[in-house]
Amino acid sequence: MALLDTSLVSGPLPTVVTSVGVVGLVVLVVSRSRRHLLRSVPICVLAAAALTAVGWVVVEKIWRGFPDPIQIAVYVWIGVGLLGLLLLIPRVVAARRWWTKVLAVLATVVVVATAALQVNLVFAAYPTLGSALGLDAAEQVGLDEATDRSSDPITGSPLESVWTPPPDLPSGGRILDTPIPGTASGFAARNAQVYLPPAYFAPRRPLLPVLVLLAGQPGAPDDWLTGGRLVQTMDAYAADHGGLAPVVVVADATGSAVANPLCVDSPLGNVATYLSTDVPTWVRATLQIDPDPTSWAVGGLSYGGTCALQMATNFPQVYPTFLVLSGQLEPTLGDKQRTLDAAFGGSEAAFEAVNPMNLMATRRYDGSAGVFVVGADDPEYKGYAAQLVAAARAAGMDVQYLEVPGGHSYQTWSEGLRREIGWLGTRTGITA
């Protein structure tokens, strides 16, 4: 277990792997053969640079699948990985001994591993070795066990004041992997990941609050279990509160890893109806939780943070509490006209009718409360957050602003959830 907890984003491992990767690249480049040095290496370098440049043009200029440009460092390290793979070909072809072929393969493996590690350092999507291997998530639970109901559930406010944990309570939460059908919306969502805290499995179950969490774009609900460290954060909170914690429903708000339906009802997908109607309806009908909207919150990271604010401003009766982690100033496909054409029939008025900044300028939200979290090293999103906080306060919301170490990455988002779970627990009725 200690090995699985080894950090991939801090400590000695990134430095060690990068150092070994540099050695591996030297092994692939250096040779006694003038042909390799003067012909193979330059050709491989040019080919890697060309392939990387083509990838950048396709992603950033043609496809434009993401609202924000991918950092240049990511493309650079992808190019390094490609260079390692390309250099392997002439080294293996020219090798006369089996051990030199094996050495070339090993050198390539460490170069590619170094490139992958450096890309991961940008996003911190896999903070530990266990998360990269998919081995540090909570134990899975079946739908039949999750839907089993207590005949006399515990209620009270705050819930902690009326709750006594039984001696046989599980030490950690469980994960339910389940579809949530788009009955009203028709939205084709991927499976949700539902965190059920230890108290959910008590013989006499407390009616717990609900937090709906949303991933970014590109992304998937599973991201909250890996880079977002959801289980670790919720288990730690539950350990401090006798097993009590929100039931967390990580719902799909995009439909695929690279889709961007802008969290609205449009030709791109009826995400707004899915999150405001289908998800709450399914949760209340399937899980034994507190159905009172005052015990419900919505949160998300990046695209998911933007989406969370869209839910809070368009459907405050459903989600009066929200957590925005590095949210955008407004839903976007990268530029305004493209956004209007793809999702709003070219209508600026249709866009403004659902855009949080416009809604907060024209409506009051006196019963809503939220927190805006942003990385200290993310100047663009710090600017967005400042504008959003000002608009929210002017609209009557009770909001807070928090900067945490990090950039636009899971380092920021996992830490933001960890710091604000206490506030969420109080706001949704677990603690006073």
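Ser295 touches Pro209, Val210, Asp290 and Thr428, not counting residues up to four places away in sequence; a contact here means heavy atoms within 4.5 Å. The residue is found in the loop between helix H8 (271-286) and strand S8 (296-301). Helices (H or I, at least four residues) and strands (E, at least two) are DSSP runs, numbered from the N terminus. With a relative accessibility of 6%, Ser295 counts as buried, where buried means under 20% relative accessible area, exposed over 50%, and partly exposed in between (1.4 Å probe, protein chains only).

The model is predicted: local features need pLDDT of at least 70, side-chain atom pairs count only at pLDDT 80 or more, and totals for chains, interfaces and linings use all residues. Residues are numbered from 1 along each chain as its sequence is written, and side-chain values use heavy atoms, with hydrogens and water left out.

## Overall form

The protein has 14 helices and 11 strands. Its radius of gyration is 24 Å, close to the 22 Å that the globule rule gives for 432 residues, so the protein is as compact as a globular protein of that length. This radius is taken over C-alpha atoms, and the globule rule is 2.2 Å times the number of residues to the power 0.38. The C-alpha trace spans about 80 × 55 × 35 Å along its principal axes.

Of the 432 residues, 52% are buried. Among contacts between residues at least 6 apart in sequence, 76% join residues at least 24 apart. The accessible surface comes to about 18,600 Å², and 61% of that surface belongs to carbon and sulfur atoms. Accessible areas come from the Shrake-Rupley method with a 1.4 Å probe; for residues, only the protein chains shown count as cover.

In helix H7 (residues 230-240), the buried residues are Leu230, Val231, Thr233, Met234, Tyr237 and Ala238. They lie on the same side of H7, because they cover an arc of only 165° around the axis; the arc is that of the directions from the helix axis to the C-beta atoms. Ala239 and Asp240, on the other side of H7, are exposed. The packing partners of the buried residues of H7 are strand S2 (174-178), strand S3 (192-196), strand S4 (210-214), S5 and helix H14 (410-427). Just after H7, Gly242 takes a positive phi of about 60°.

Ile180 belongs to the loop between S2 and S3. Its relative accessible area is 3%, so Ile180 is buried. Not counting residues up to four places away in sequence, Ile180 touches Ala189, Ala192, Val249, Tyr274, Asp278, Val279 and Trp282. Ile180 and Gln193 are 13 residues apart in sequence, and their C-alpha atoms are 9.8 Å apart in space.

## Nonpolar surface patch

Val54, Trp56, Val57, Val58, Ile62, Trp63, Ile72, Val76 and Val258 make a nonpolar surface patch of about 780 Å². The elements that give two or more residues to this patch are helix H2 (34-63) and helix H3 (72-94), and H2 gives the most, with six residues. Patches are made of residues with over 30% relative accessible area and no salt bridge: like charges are joined within 9 Å, nonpolar side chains (Val, Leu, Ile, Met, Phe, Trp, Tyr) within 5 Å. Val258 lies in the loop between strand S5 (247-251) and strand S6 (265-266). At 39% relative accessibility, Val258 counts as partly exposed.

## Salt bridges

Side chains of opposite charge can pair when their charged atoms come close. The structure holds 10 salt bridges, each a side-chain nitrogen of Lys or Arg within 4 Å of a carboxyl oxygen of Asp or Glu.

| Pair | Closest N to O distance |
|---|---|
| Arg174 and Glu139 | 3.6 Å |
| Asp366 and Arg364 | 2.8 Å |

Arg174 forms a salt bridge with Glu139. This pair links distant parts of the chain, 35 residues apart, with Arg174 in strand S2 and Glu139 in strand S1 (residues 139-140). Glu139 is exposed, at a relative accessible area of 52%.

Glu348 lies in helix H11 (residues 348-352) and Lys336 in helix H10 (residues 336-343), so the pair ties together parts that are 12 residues apart in sequence. Glu348 is partly exposed, at 32%, and Lys336 is partly exposed, at 32%.

Asp366 forms a salt bridge with Arg364. Asp366 counts as exposed at 54% relative accessibility, and Arg364 counts as exposed at 54%.
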